[in-house]
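Please read the following account with the structure open beside it.

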Amino acid sequence: MNRLRRFVVIAATVCSLAAPAAFAASAVKTPDFERVKLANGATLLLMERHDVPLISFTAVIRGGALTDPTDRLGTASLLASLLEKGAGNRDANTFAETVASVGGSIETGASTESISVGGSFLARDQKLMVELLADVLQRPRLEQEQFETLRDRSIEFIRAEKDSDRSALTPIYGAASLFGAHPYGRSVGGSEASLAAIKHADVRQYYDDHVGADRVIIAVAGDFKTAQLKTLLSSAFANWRKAGKSLPVVGKQAEVTARRVLLVDAPDAVQSYFWCGNVGVARSDPRRASLDIVNTLFGGRFTSMLNTELRIRSGLSYGANSSFDRMTQGGSWELGSFTRTEKTIEAIDLALATLDKLHSGSIDAAQLESAKSYVLGQYPLALETGSQWAYQLATLEFYGLDRSYIDDYGNKLAAVSLEDAKRVIDEVIPTSQQLVLVVIGKAEAIRDGLRKYGPLTEVKLSDPEFQAKP
Amino acid sequence: MIRSLLVGLALVAPVAFAQVPGGNEVRTATLANGMQIIVWPDHDIPNVALYNWVHVGSRNEAPGITGLAHFFEHMMFNGTSTRAPGEFDQILEANGARNNAFTSDDVTVYQDWFPRSALETVFELEADRLQNLSFDPKVVESERNVVHSERRLRVDDSHQGRLQEQVQATAFVAHPYAIPTIGWPSDILSWTIDDLKKFFSTYYAPNNCTLVLVGDVEPDKAIALARKYFEPIPKQEPPRPVKTEEPEQLGERRVAVNADAQTPLVQFAYHGISGKDPRRPALDLLTRVLTDGDASRLHRALVEEQKLAISADSYFTAGFDPGLVWFFLSLPADGDAKQAEAEFTRQVERLIEQGVTKDELARARSQALADFWRGLATIDGKAQALGTFEVLQGGHKKLFDEPRAYEAVTQQDIQKLAAELLRSTNRTVGVLKSPPPPNEAQTQSGGAK
């Protein structure tokens, strides 16, 4: 909350529909960068940019929630938080003071497939930046007392989230319901129950097993001299050990063929928050450009079919959208919206009817061209800053993609035909009968109405798990 | 001047005084109808950010029409006498542009992000909706529901939102900053087309707008386009100024909200300063010492050491008139709101009595300066910053003095400001928690916990 609001002192209390997800692609070409592979497997990526006196970095460690012990979900996430709570010869307080005293930032986090450490420092502090990053990754203190504090607070954070914006929770329940026991169904941050089961020794074990040089990608972009920073980073990471275990291989989850419903009871809710999804595509899927066009038209921008129906025409909701979650294997394709409790069934019916309309061939040539212009026109805004480039470089490396993923995207978008669009709708976008439907809302008011969508499982928002018990 | 420069160099290194790159290329113009234009070319990416700052917010509302400024933020996308509802977005998106808007207590800001090829189209559409907005009753009714849905999302189904609305309404007894920007539900449901028309003609005048463009544009061309599309729109009588001043608060105010909450919340709102107040950098540094990062005082004391809270945050509003300095505590599920409040107050009183250390000031200043640069790393951040300074903080040129203004703040400045603002008699305290169950006594004697 702090950082976002500082220099922009105005309180933007109320905004229109949140920005549609920024898609890839355009006339932007990847600036030159250098890739260095150290003998221990660590990968370094360096891109000079001299527009502002900052250096940004993204370090990504393969693993993440995928490598959580199945009965201790949230372990990777807790470890990520613990990395910056004291490292090297600095205890947690000294570490925080050191970062703040130079106006730096270091943020750690976990995702389904990785742990990441990102941040930025003023250019003059590059030596300190490398020292702190090396300490965080190679010499975290992982102290018991810090661990316990963090674990307890993480449990409280989940409770606090359940008291705020419920639309942010539907994807967690959605993934759990869609992927079940598959690793992509895990709540990255764990649950109240799973976090309570994690011991200090589990986090130490996770660090030994799943953090090491052969798992790491370090991407840096900003105001530095490549030769100098390369030397600093190479010597800081050359002697790091490898991770104790090998990375598990994850298979593709089968798609859902028959619709089912998860109802999450929030007795005090005045709106229902709904989510529909099925298994989508992998990051490397060659149909990417066609799929981005199709999703933009269906639920990826303000005038999309979904937002037009649920917001613009009917006034049922403040917003509706759809998106792909692209991972090593097929992640989810999902749509989401919300409406007042009395209108729940009407809004879900409308969302599903809109999906049927997409399948019945509603996209025309003018819309196709509009979506191309839109995706292409917005793309450079995701490739503007050092911090964005560090993230992009790390992402390309993580998924085994090369710069053509960015540089050729504009041409690929331009080449998408109506036939391509229709084909990927058939092949990838689920029909309204092939979905997992998740609704957070006042169960007693909507339970009966929801039954028509398929077999219904009900849990409580206050339950300490996201996964419904079989 | 020279002295503060040297001190700055010693503490924060030369970068703090580096000229903001391209800052000397900012061009301004005033159209014949009074509309202000500011252009800052930046050719890093082939895109442009346009912000149209309309000088109207919930501060300009009254009972019966609360939420109307924000409602306009929605209506401005909904058709003109020359274009049907929806065409605005369709044309922009087909030209590669995205748009949005936000409303605050003070201003309503319309934003477009687009490839440079769409420049003239964007000017044409922005001028059209400023001049020719239409009010189709069907569209108004539909959009009323959209706004109500937004209110349920942000306020009614969010405990932080619900409490903050109550605290703000309690903190002001005279000034319209008491009004929630989203509007009270009964007003959202009942404002009329006539209310809309009157509001539009009063506030949506070119002489009440500041247009900011940053990105891949030539200033001469942008200003010429502004003359072509905006200059024909007639100037209007300036809106009536808001003259009400909030009287001095004479004692602490409290507000309680009962909700079925897993985690209790405590909020504090102190009367603060306006955007033009020269103490703004000092107030920013003061709040950073208290809540910015793991090394800050409130985080360390309440979250890390005493575990009374799971988070401690702050921000302050500084608009046309003196706003509020906010502090937000989220408590653990079994948290004691009284104890958390007492410790918060103790920390604030300690700061008033003893001031901040040299190290704390240096740290807060480094964080502020680094955030300054992070904010200027994008064309969007630059447009936001230029507009904020021009409209609310005494002129866009002040943006470029910002590092120097932060260097000039002393430990004494911060202590003095804390003593003046962070008094208990100057604050409103809000607490949100579950009401005690009716059979609490029995449960306790039964030893259920």
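Predicted model: local features only at pLDDT ≥ 70, side-chain atom pairs only at ≥ 80, totals over all residues.

For chain A, with 470 residues, the globule rule gives a radius of gyration near 23 Å, and the chain has 23 Å, which agrees. Chain A comes to 18 helices and 13 strands, and chain B has 17 helices and 11 strands; helices (H or I, at least four residues) and strands (E, at least two) are DSSP runs, numbered from the N terminus.

Of the 470 residues of chain A, 57% count as buried, and of the 449 residues of chain B, 55% do. A residue is buried if 20 or more other C-beta atoms lie within 10 Å of its own, exposed if 12 or fewer, and partly exposed in between, with C-beta atoms placed from the backbone. Two residues are in contact if their C-beta atoms, placed from the backbone, lie within 7 Å. Among contacts between residues at least 6 apart in sequence, 82% in chain A join residues at least 24 apart, and in chain B the figure is 80%.

We turn now to a sheet in chain A. This open sheet of 6 strands has the order E2-E3-E7-E4-E6-E5, with mixed pairing, where two strands pair if DSSP finds at least two bridges between them. Its edge strands, each pairing on one side only, are E2 (34-37) and E5 (105-110) of chain A, and the twist averages 15 degrees from one strand to the next; axes are lines fitted to C-alpha atoms, for helices over the stretch in contact, and angles run from 0 to 180 degrees between N-to-C directions. Helix H2 (residues 75-83) of chain A lies across E5 and E6 of chain A, running at about 170 degrees to E5(A).

Strand E4 (residues 54-62) of chain A pairs in the antiparallel sense with strand E6 (residues 114-122) of chain A over 9 bridges, in which Leu54(A) has Leu122(A) as its bridge partner and Arg62(A) stands opposite Ser114(A). E4(A) is also joined by 7 bridges to strand E7 (residues 216-222) of chain A, again antiparallel, and here Ser56(A) stands opposite Ala221(A). Because 9 of the 9 residues of E4(A) are buried, the strand is largely enclosed by the rest of the structure. In a regular strand the side chains alternate between the two faces of the sheet. In E4(A), Leu54(A), Ser56(A), Thr58(A), Val60(A) and Arg62(A) point one way, while Ile55(A), Phe57(A), Ala59(A) and Ile61(A) point the other way, and all are buried.

Lys37(A), by contrast, has its place in strand E2 of chain A and is exposed, because 9 other C-beta atoms lie within 10 Å.

The largest nonpolar core has 274 residues, and those with the most contacts inside it include Ala219(A) and Leu329(B); a nonpolar core is a set of buried Ala, Val, Leu, Ile, Met, Phe, Trp, Tyr and Cys residues joined through C-beta atoms within 7 Å. Leaving aside residues up to four places away in sequence, Ala219(A) touches Leu45(A), Phe57(A), Thr58(A), Ala390(A), Leu393(A) and Ala394(A).

Between the chains, 84 residues of chain B are in contact with 71 residues of chain A. Helix H13 (residues 358-375) of chain B gives the most to the side of chain B that touches chain A, with 11 residues.

Finally, Leu142(A), in the loop between helix H4 (126-138) and helix H5 (144-162) of chain A, has a positive phi of about 50 degrees although it is not a glycine.

How values were computed. Residues numbered from 1 in each chain as written. Chains lettered and ligands numbered in written order. Rg over C-alpha atoms; globule rule 2.2 N^0.38 Å.
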